[in-house]
Amino acid sequence: MNTLSYKTVSANKKTVNKQWVVVDAEGEILGRLSTKIAMMIRGKHKPEFTPNVDCGDNVIVINADKVKLTGNKFSDKTYVSYTGYPGGQRFISPKELMAKHPTRVIEKAVRGMLPKNRLGRALYGNLHVYAGAEHPHAGQNPKAV
């Protein structure tokens with residue numbers, strides 16, 4: 001009997017196959033797009049997925065300023081942050097955030113879908129979001145999704 005046929009193969013940092021992927025956010029709904037991006041960053045779409053290893057792809061998101069939110073979320077939803085000082089709780093809507101930093105809406109949505117540990121913080125470094133259609137990662141020959 002072939003002993004390799006029933007062995008579980010776990011990926012590690014040396015054996016993982018990472019790729020570069022471009023995602024166009026123009027006209028996409030924020031939540032549905034973010035779940036797909038988080039899944040690609042985590043590596044859950046690959047058959048050799050290992051939960052404790054960074055086996056996902058590097059994702060480049062372009063046209064982040066053209067993403068959509070359904071319903072009244074564009075004006076009613078609030079992002080909460082805290083400065084660390086008494087009375088330092090701050091609230092901002094996606095409408096205001098898109099005007100100041102259009103990339104942060106996608107960054108916040110994807111970051112909330114990643115694990116809340118040191119692996120999640122490392123995976124977040126594989127996300128690259130740009131407001132326009134241009135990106136500086138042409139040297140990596142990314143595939144369009």
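## Close-up views of a predicted model

**Figure 1. A salt bridge joins Lys18 and Asp54.** In this view of the predicted model, the closest N and O atoms of Lys18 and Asp54 are 3.0 Å apart. Lys18 sits in the segment before strand 1, while Asp54 belongs to the loop between helix 1 and strand 2, so the bridge ties together parts that are 36 residues apart in sequence. How accessible are the two partners? Lys18 is partly exposed, at a relative accessible area of 30%. Asp54 is partly exposed too, with 22% relative accessibility.

**Figure 2. Asp57 and Lys46 form a salt bridge.** Here the closest N and O atoms are 2.8 Å apart. Asp57 and Lys46 each lie in the loop between helix 1 and strand 2, with eleven residues from one to the other. Are these two partners buried or exposed? Both Asp57 and Lys46 are buried. In total, the structure holds two salt bridges.

**Figure 3. The whole chain, as a guide to the other views.** The protein has five helices and six strands. Read from the N terminus, their order is β-α-β-α-β-β-α-α-α-β-β. The C-alpha trace spans about 65 × 35 × 30 Å along its principal axes. Of the 145 residues in the protein, 37% are buried. Take the contacts between residues at least 6 apart in sequence: 67% of them join residues at least 24 apart.

**Figure 4. The largest nonpolar core contains 27 residues.** Which residues have the most contacts inside this core? They are Leu30, Ile37, Ile41, Val61, Ile106 and Val110. At least two core residues come from each of strand 1 (20–24), helix 1 (30–42), strand 2 (58–62), helix 3 (94–100), helix 4 (104–111), helix 5 (118–124) and strand 5 (127–129). Helix 1 gives the largest share, six residues. As a general background, nonpolar side chains tend to be buried together in soluble globular proteins.

**Figure 5. Leu30 and its contacts.** Leu30 is one of the residues with the most contacts inside the largest nonpolar core. Setting aside neighbours within four places in sequence, Leu30 is in contact with Val67, Lys68, Leu69, Tyr79, Val105, Ile106 and Ala109. You will meet Val67 again in the next view.

**Figure 6. Val67 lies in the loop between strand 2 and helix 2 (73–76).** Val67 is buried, with a relative accessible area of 7%. What does Val67 touch, leaving out residues up to four places away in sequence? Its partners are Ala25, Glu28, Ile29, Leu30, Leu33, Met98 and Ile106. Val67 and Gly27 are 40 residues apart in sequence, yet their C-alpha atoms are 5.5 Å apart in space.

**Figure 7. Helix 4 and the elements that cover its buried residues.** Which residues of helix 4 are buried? They are Val105, Ile106, Glu107, Ala109 and Val110. Their cover includes helix 1, strand 2, strand 3 (79–82), helix 3, helix 5 and strand 5.

**Figure 8. Asn58 has its place in strand 2.** With 10% relative accessibility, Asn58 counts as buried. Beyond the neighbours within four places in sequence, Asn58 is in contact with Lys18, Gln19, Trp20, Val21 and Asn126.

**Figure 9. Ile92 belongs to strand 4 (residues 89–92).** Apart from residues up to four places away in sequence, Ile92 touches Lys77, Thr78, Tyr79 and Leu97. One of these, Tyr79, is 13 residues from Ile92 along the chain, and the two C-alpha atoms are separated by 5.3 Å.

**Figure 10. Pro51 is found in the loop between helix 1 and strand 2.** Not counting residues up to four places away in sequence, Pro51 touches Arg42 and Leu119. How far apart are the C-alpha atoms of Pro51 and Asn72? The separation is 36 Å, for two residues that are 21 apart along the chain.

How values were computed. Residues numbered from 1 in each chain as written. Predicted model: local features only at pLDDT ≥ 70, side-chain atom pairs only at ≥ 80, totals over all residues. Heavy atoms only, no water. Helix = DSSP H or I, 4+ residues; strand = E, 2+ residues; numbered from the N terminus. Contact = heavy atoms within 4.5 Å. Core = buried A, V, L, I, M, F, W, Y, C linked by side-chain atoms within 4.5 Å. Buried < 20%, exposed > 50% of the residue type's maximum accessible area, 1.4 Å probe, protein only. Salt bridge = Lys/Arg side-chain N within 4 Å of Asp/Glu carboxyl O.
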